[in-house]
Amino acid sequence: MVGLKAAIVPVTPFQQNCTILYDERSRRGVVVDPGGEVERIAGLLAERGIVVERILLTHGHIDHAAGAAGLKTVLECATAPLGAAPLPVPIEGPNEADRFLLEGLEEQGRMYGVAGARNVTPERWLEEGEQVRIADYDFDVFHCPGHTPGHVTFFNRQLRLLVAGDVLFRGSIGRTDFPYGDHEALLAAIRDKLYPLGDDVTVLCGHGPGTTIGQERRSNPFVRG
Ligand SMILES: [Zn+2]
């Protein structure tokens, strides 16, 4: 991955891969899916001297999104020079179909016993075909419903890099046994939108190790290409 570095911080009891993507030289970047443990994420950012330009959310589940509002507050305060207005750190994504999940994060927190969960409304909802900026790279947005209705993934053609959230894992796929889950839609999104990106594409997953499109297309037991 030329020019862009990934630092993965597993957060929450669900061991979700909060992923910091940043340019090694300019030290500018984004945080994808800060589900919790805001102090730990902020500490790592400070330690590496990374300036966060935006927070990206793949979907509205607690382990991916519950720390977004808190991290935004911490980062905006940290970057503001004394007496000056804070530099905004906008939250972008997921698709608006996940609004009900983002508005229910505090309730999910009580249900799963996750402390510090905060509801969040992103500055920008994302649609299929739009782009998000990560350091100096534009990433295409793919709307991949099924695990949640508003799940999005991010892809950069030049870097051959896909940020897949909970759509595709190494040897597995996202759960769809929620009342709002849709197994067929998830399989269709993987088959029609992700597999065609190319076998050489590196996949960063929301849980567990990363993989490649080629490896999953050939051997994923849930969906072969
Ligand atoms: Zn999820």
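Gly36 is buried, with a relative accessible area of 13%; buried means under 20% relative accessible area, exposed over 50%, and partly exposed in between, for a 1.4 Å probe and protein chains only.

Leaving aside neighbours within four places in sequence, Gly36 is in contact (heavy atoms within 4.5 Å) with Val11, Thr12, Ile41 and Gly67. Gly36 and Gly116, although 80 residues apart in sequence, are separated by 7.5 Å from C-alpha to C-alpha.

## Basis of the model

Residues are numbered from 1 along each chain as its sequence is written. This is a predicted model in which local features need pLDDT of at least 70 and side-chain atom pairs count only at pLDDT 80 or more, while totals for chains, interfaces and linings use all residues, and side-chain values use heavy atoms, with hydrogens and water left out.

## Nonpolar cores

A nonpolar core is a set of buried Ala, Val, Leu, Ile, Met, Phe, Trp, Tyr and Cys residues joined through side-chain atoms within 4.5 Å. The largest one has 31 residues, and those with the most contacts inside it are Ile20, Val31, Ile41, Leu45, Leu57, Leu71 and Val120. Two or more residues each come from strand S1 (4-11), strand S2 (16-23), helix H1 (38-48), strand S4 (51-56), helix H2 (62-65) and helix H3 (68-79), and H1 gives the most to this core, with five residues.

Ile41 touches Val11, Cys18, Ile20, Val31, Pro34, Gly36 and Leu71, if residues up to four places away in sequence are not counted. A second, separate core of 21 residues includes Ala164, Leu186, Ala189 and Tyr195.

S6 pairs with strand S7 (residues 137-143) in the antiparallel sense over four bridges, pairing being assigned if DSSP finds at least two bridges between two strands. Arg133 stands opposite Asp138 in S7, and in the hairpin, which has two residues between the strands, Ala135 takes a positive phi near 50°.

## Tyr112

Tyr112 is placed in helix H5 (residues 105-112) and counts as partly exposed because its relative accessibility is 45%.
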